[in-house]
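Colleague: I have the sequence and the coordinates open. Could you take me through the model?

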Amino acid sequence: QVQLVESGGGLVQAGGSLRLSCAASGLTFSIYNMAWFRQAPGKEREFVAAIHRDGGTFNYAGSVKGRFTISRVNAKNTVYLQMSRLKPEDTAVYYCAADLRDGLTKDYLYWGQGTKVTVSS
């Protein structure tokens, strides 16, 4: 069974940093494009960042560009989201997602269950 398991969430102060991890199993990780989404309380899920299967092509939401960095280590079946200069509006449950299709910012095939990030002011 395909599983995406996020970790690394927690409580941080505004301006701080946090690194999220997503460990994948049950799929050939190296051929999947990977992404991070987030959902704040009472709001719709939104796209955050994506990394192509080749590890060299990226897509970031404007709200996080320059602050967040997505990366992957295929040998570890893991994708990361390094979050810096965090803001209270970054508070959300962050989800990892995987899909074979290119250029998606929604409707990913596989999803994790999320890890909660809370940024205090």
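Modeller: Let me begin with a definition: a charge sits over a ring if NZ of Lys or CZ of Arg is within 6 Å of the ring centre and within 35 degrees of the ring normal. Please keep in mind that this is a predicted model.

Colleague: Which ring does the charged end of Arg-72 sit over?

Modeller: The charged end of Arg-72 sits over the ring of Phe-29, 4.5 Å from its centre. Arg-19 provides another case, with its charged end over the ring of Tyr-80, 5.8 Å from the centre of that ring.

Colleague: And along strand S7, which side chains are buried?

Modeller: Phe-68, Ile-70 and Arg-72 point to one face of S7 and are buried.

Colleague: How many bridges join S7 to S8?

Modeller: S7 and strand S8, residues 78-83, run antiparallel and are joined by 6 bridges. Thr-78 in S8 is the bridge partner of Val-73.

Colleague: Which residues touch the most other members of the largest nonpolar core?

Modeller: That core has 37 residues, and Met-34, Trp-36, Val-79, Leu-81, Met-83 and Tyr-94 touch the most other members. Several strands, S4, S7, S8 and S9 among them, each supply at least two residues of this core. Leaving aside neighbours within four places in sequence, Val-79 is in contact with residues including Leu-20, Cys-22, Phe-29, Met-34, Trp-36, Ile-70 and Cys-96.

Colleague: S4 next. How many of its residues are buried?

Modeller: S4 is mostly covered, with 6 of its 7 residues buried.

Colleague: Which strands does S4 pair with?

Modeller: S4 pairs with S9 in the antiparallel sense over 7 bridges, and Arg-38 stands opposite Tyr-94 in S9. S4 also runs antiparallel to S5, to which 5 bridges join it. Here Trp-36 stands opposite Ala-49. S4 and S5 form a hairpin with 6 residues between them, and Gly-42 in the turn has a positive phi of about 75 degrees.

Colleague: Arg-38 has come up again. Which salt bridges does it form?

Modeller: Arg-38 forms a salt bridge with Glu-46, where the closest N and O atoms are 2.7 Å apart. Arg-38 also forms a salt bridge with Asp-90, where the closest N and O atoms are 2.9 Å apart. Arg-38 lies in S4 and Asp-90 in the loop between S8 and S9, so this pair ties together parts that are 52 residues apart in sequence.

Colleague: Let us change topic. How many aromatic pairs does the structure hold?

Modeller: The structure holds 6 aromatic pairs. Phe-37 and Trp-111 form a tilted pair, 4.8 Å centre to centre with 55 degrees between the planes. This pair links distant parts of the chain, since Phe-37 in S4 and Trp-111 in strand S10 are 74 residues apart.

Colleague: Why is the pair of Tyr-108 and Trp-111 called edge-to-face?

Modeller: The ring centres of Tyr-108 and Trp-111 are 6.3 Å apart and the planes stand at 70 degrees, so the pair is edge-to-face. Planes over 60 degrees apart count as edge-to-face. Ring pairs also link Phe-37, Phe-47, Tyr-108 and Trp-111 into a cluster.

Technical notes
Residues are numbered from 1 along each chain as its sequence is written. This is a predicted model: local features need pLDDT of at least 70, side-chain atom pairs count only at pLDDT 80 or more; totals for chains, interfaces and linings use all residues. Side-chain values use heavy atoms; hydrogens and water are left out. Buried means under 20% relative accessible area, exposed over 50%, partly exposed in between (1.4 Å probe, protein chains only). Helices (H or I, at least four residues) and strands (E, at least two) are DSSP runs, numbered from the N terminus. Two strands pair if DSSP finds at least two bridges between them. Rings of Phe, Tyr and Trp (its six-membered ring) pair if their centres lie within 6.5 Å; planes under 30 degrees apart count as stacked, over 60 as edge-to-face and the rest as tilted. A nonpolar core is a set of buried Ala, Val, Leu, Ile, Met, Phe, Trp, Tyr and Cys residues joined through side-chain atoms within 4.5 Å. Contact means heavy atoms within 4.5 Å. A salt bridge is a side-chain nitrogen of Lys or Arg within 4 Å of a carboxyl oxygen of Asp or Glu.
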